[in-house]
Amino acid sequence: MLKKIRIALWVAVAVSLVGVGALLWRADRQEQAAAFKPEFSLPDEAGTVRTAEEFRGKHLLVFFGFTNCPDVCPTTMAEVAQVMDDLGPEAEDVQPLFISVDPARDRESGLGEYLAAFHPSILGLAGDKAATKSAVNSFKVFGDRQEDASAPGGYTMSHSSSLYLLGPRGEWLRQFEYGTPADDIIADLKGRL
Amino acid sequence: MLKSLLAGMGLAVMLPAVALADCAEVSQGQLLISAAWSRATIGTARPAVFYVTIRNNGSTDDRLTGIETPVAGMPMLHETVMTDGVASMPHASDISIPAGQTVSLAPGGYHGMLMDLEEELKDGESFPVTLKFENAGPVSVETAVLPLRAREAACGDAP
Ligand SMILES: [Cu+2]
């Protein structure tokens with residue numbers, strides 16, 4: 001009988017050790033997640049190179065898209081425009097960014113004019129191939145050229161469609177999946193600003 | 001003062017006309033086509049979009065097999081597909097319109113992709129699009145051009 005209790009106690013000790021280990025591991029993971037700071041270094045329309053560091057103190061709302069995209073991209077930019085309109089004075093603490101995954105074509109067709117049609121606050125960035133790739137990789141997203149004979153220029157892009165939110169220290173906070181209504185994004189932002 | 005008053009009156013006269021175009025409804029056979037809209041473009045370099053709502057009031061299925069419009073040299077049916085959060089938009093060879101159901105070409109799903117634009121699409125204007133149905137045949141609908149940042153048809157979906 002006593003032996004049985006002793007075994008049971010040892011089992012309990014083992015279980016709790018595993019539990020503590022799991023908790024520590026999770027805390028470590030969360031710390032790592034909190035330390036995830038995506039980087040970019042890409043020119044705006046004027047040719048000035050913009051980096052993640054210069055926006056410290058603001059929340060960044062980042063989208064990866066291309067302007068030849070008539071469905072997902074304008075729909076998301078329209079939500080962002082609504083967010084910026086409805087945030088009121090707090091909009092000053094939010095910077096929306098459109099990072100082109102089709103930079104050569106977007107530079108040619110005028111990224112700034114396109115984005116201004118949605119909201120004057122949206123900043124468009126279009127770098128060269130290498131800088132675009134490293135931004136895409138740093139955000140751990142996806143943006144790739146797809147040959148398509150029926151598309152203008154013979155290709156189209158597939159790209160991550162979420163909006164990514166970075167905090168005032170450049171830390172990755174969360175993503176808003178495609179189709180998240182502006183009101184939900186505003187509610188989330190209001191809780192942080 | 002008088003000028004701005006006149007401009008204001010002009011606008012007041014124009015608005016109902018715009019609202020009408022936004023809510024154009026066409027029925028042919030068992031199909032009711034409504035809420036056809038597009039977004040304004042800047043120039044003609046980028047493809048435009050076409051959205052519409054199709055209600056099949058009949059008892060037989062139909063199929064949308066293509067679109068045509070004088071504003072684009074290469075109009076096409078597309079479907080936006082999300083795979084693990086990654087968006088792509090393959091060509092849709094046709095779109096099924098089952099009996100008794102409403103199918104919308106709407107943001108994030110099916111859309112008409114208007115490539116090789118012949119002219120800039122301007123907010124407040126409209127243009128015709130002919131929908132080609134397997135059973136109902138061709139149906140032309142007036143498509144309202146909304147601002148680039150529009151998110152839905154100005155009149156909502158057909159009841
Ligand atoms: Cu498309």
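## Basis

A polar contact is a pair of N or O atoms within 3.5 Å; within protein, one atom must be able to donate a hydrogen and the other to accept it. The model discussed here is predicted.

## Surroundings of Arg50(A)

The side chains of Arg50(A) and Glu54(A) are joined by such a polar contact, at 2.9 Å. Arg50(A) belongs to strand S2 of chain A, which covers residues 49-51. Because its relative accessibility is 19%, and buried means under 20%, Arg50(A) counts as buried.

Beyond its neighbours within four places in sequence, Arg50(A) is in contact with Phe40(A), Ser41(A), Leu42(A) and Asp44(A), and also with Phe55(A), Leu123(A) and Leu125(A).

## The copper site

In chain B, the copper ion is coordinated by ND1 of His78(B), SD of Met89(B), NE2 of His111(B) and SD of Met113(B), at 2.2 to 2.4 Å. The four donor atoms subtend angles of 96 to 121° around the copper ion, so the arrangement is tetrahedral. Ideal angles for four tetrahedral donors are 109.5 degrees.

Along the chain, the donors of the copper ion follow the spacing H-x10-M-x21-H-x1-M. Met89(B) lies in the loop between strand S7 (86-88) and strand S8 (95-97) of chain B, whereas His111(B) is in strand S10 (residues 110-117) of chain B; the pair therefore ties together parts that are 22 residues apart in sequence.

Met89(B) counts as buried because its relative accessibility is 10%. His111(B) likewise counts as buried, at 0% relative accessibility.

Technical notes:
Residues numbered from 1 in each chain as written. Chains lettered and ligands numbered in written order. Predicted model: local features only at pLDDT ≥ 70, side-chain atom pairs only at ≥ 80, totals over all residues. Heavy atoms only, no water. Helix = DSSP H or I, 4+ residues; strand = E, 2+ residues; numbered from the N terminus. Buried < 20%, exposed > 50% of the residue type's maximum accessible area, 1.4 Å probe, protein only. Contact = heavy atoms within 4.5 Å. Donors = N, O, S within 2.8 Å, 3.2 Å for Na, K, Ca; no water. Tetrahedral: all angles 85-135°; square planar, octahedral: opposite > 155°, others 65-115°.
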